[in-house]
Amino acid sequence: MKILVTGATGGLGKRILPALLERDDVHMRVLMHRSPAGFPACEEITGALEDKESLLKATTGIDTVLHLAAMTHSRNPDDYFRVNLEGTKNLLEACAQNKVRRFIFMSSGAAHADGGVYSASKLQAEQSVKQSGLAWAILKPREVYGSGGKEGINQLIHWIRKFKVAPVFGDGRYSISPVFIDDVVNATAAAVVCDADLNQTFTLAGPEEMSTLALIDRLAEYFGVTVKKIRLPLPMLKGMAVLLNALKIEIIVADQIPRLLCEKPSDWELAFQRLNFKPRTLEEGLSLCFPEKNQVAGD
């Protein structure tokens, strides 16, 4: 099986490549947006989602495309549609011309009509995938943790461990379903190598829905610390986002707020049935990330 992966240098991509390379029947090609990233076991091709010629080259001889690349944070709303929607359409067009058989699209649990510009771009890209004529699977992960990154739950964990504080946006009662990154990786790899045409949308959520307040309490209990919750009313948060955007400081962009608050899917039964998705509890995932609870942040 010849597989093309976009977004291979992201937190998820770096975990998925080794999982796929464990198979003897897989040849991996990665689309690199800039300079080569040094994947010795993979064929690297330089290109971009806006460059149709590079996409034609990248998809030549490919059986399956795993499309992870996306724009997640931008001060310019047009960037989301340029990369996430038009870039996906360009890749689908190249796949059709080169007779690629299957297309696995990493969307988002926040792809919702009320989730802001990013969410709209991903939701419209999902429709393009479904209408492409290729065999397809759409994966919608919820709030992923465990990658070591500095956003979302990973950032919250960092603040709690290092500073013993946690920001609470609004009333903190919006729903979160933490999912461990390795569980997302395993389900994604299963979708890529599945012999059958899936043609389904799969929610990759954690086994529990909880509020942000409950999540903070669970994290504080796990790490054995007392956490000060810093309340940030939504009007204040939106004002901060506008100001930071004007100053070109990308701590938070305004579009992150609606995607945080919008309704998200949580039923992962189909992923369990078709992809053997078995999400771990929050504490089980944390125990794999932080086997020694008293290690200091940054270790």
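Guide: Two strands count as a pair if DSSP finds at least two bridges between them. In this predicted model, S1 and S4 run parallel and are joined by four bridges. Within that region, Thr6 stands opposite His67 of S4.

Visitor: In what order do the seven strands of the open sheet follow one another?

Guide: The order is S3-S2-S1-S4-S5-S6-S11, and the pairing is parallel. The edges are held by S3 and strand S11 (200-204); each has a single partner strand, so one side of each is left without a neighbour in the sheet. On average, neighbouring strands of this sheet are turned by 20° against each other, direction ignored.

Visitor: Which strands does H3 touch where it packs on the sheet?

Guide: H3 touches S1, S4 and strand S5 (102-106), and its direction makes about 165° with that of S5. H6 also packs on the sheet, touching S1, S4, S5, strand S6 (135-141) and S11. The direction of H6 likewise makes about 165° with that of S5.

Visitor: Let us turn to burial along a helix. Which residues of helix H2 are buried?

Guide: The cut-off for buried is under 20% relative accessible area, and for exposed it is over 50%. In H2, residues 52-59, the buried residues are Ser54, Leu55, Ala58 and Thr59. These residues lie on the same side of H2 because they cover an arc of only 125° around the axis. On the other side of H2, Glu53 and Lys57 are exposed.

Visitor: What covers the buried residues of H2?

Guide: The cover includes strands S1 (2-6), S2 (27-32), S3 (43-46) and S4 (64-67), together with helix H3 (77-97).

Visitor: Which residue caps the N-terminal end of H2?

Guide: Asp51 is the cap: one of its side-chain oxygens lies 3.2 Å from the backbone nitrogen of Glu53. Just after H2, Gly61 takes a positive phi of about 75°.

Visitor: Which residues touch the most other members of the largest nonpolar core?

Guide: This core has 57 residues, and Val5, Leu219 and Leu286 touch the most other members. Helix H6 (residues 181-193) contributes the largest share of the core, eight residues. Apart from this core lies another, of 22 residues, including Leu4, Leu31, Leu85 and Ala94. As for Leu286, it touches Tyr145, Ile157, Leu219, Tyr222, Phe223 and Pro291, if residues up to four places away in sequence are not counted.

Visitor: Now to the loops. Is Ser177 buried or exposed?

Guide: Ser177 belongs to the loop between strand S9 (175-176) and strand S10 (178-180). Its relative accessible area is 0%, so Ser177 is buried. The side chain of Ser177 reaches the backbone oxygen of Glu208 at 3.2 Å. Leaving aside residues up to four places away in sequence, Ser177 touches Arg142, Glu143, Ala205, Gly206, Glu208 and Glu209.

Visitor: Where is Lys164 found, and what is its phi?

Guide: Lys164 is in the loop between helix H5 (152-163) and strand S8 (165-169). Although Lys164 is not a glycine, its phi is positive, about 60°. With a relative accessible area of 33%, Lys164 is partly exposed.

Visitor: What value is the phi of Asn199 near?

Guide: The phi of Asn199 is near 50°, again a positive value in a residue other than glycine. Asn199 has its place in the loop between H6 and S11. Its relative accessibility is 35%, so Asn199 counts as partly exposed.

Key. Residues are numbered from 1 along each chain as its sequence is written. This is a predicted model: local features need pLDDT of at least 70, side-chain atom pairs count only at pLDDT 80 or more; totals for chains, interfaces and linings use all residues. Side-chain values use heavy atoms; hydrogens and water are left out. Buried means under 20% relative accessible area, exposed over 50%, partly exposed in between (1.4 Å probe, protein chains only). Helices (H or I, at least four residues) and strands (E, at least two) are DSSP runs, numbered from the N terminus. The arc is that of the directions from the helix axis to the C-beta atoms. Contact means heavy atoms within 4.5 Å. A polar contact is a pair of N or O atoms within 3.5 Å; within protein, one must be able to donate a hydrogen and the other to accept it, and residues adjacent in sequence count only if both atoms are side-chain atoms. A nonpolar core is a set of buried Ala, Val, Leu, Ile, Met, Phe, Trp, Tyr and Cys residues joined through side-chain atoms within 4.5 Å. Axes are lines fitted to C-alpha atoms, for helices over the stretch in contact, and angles run from 0 to 180 degrees between N-to-C directions.
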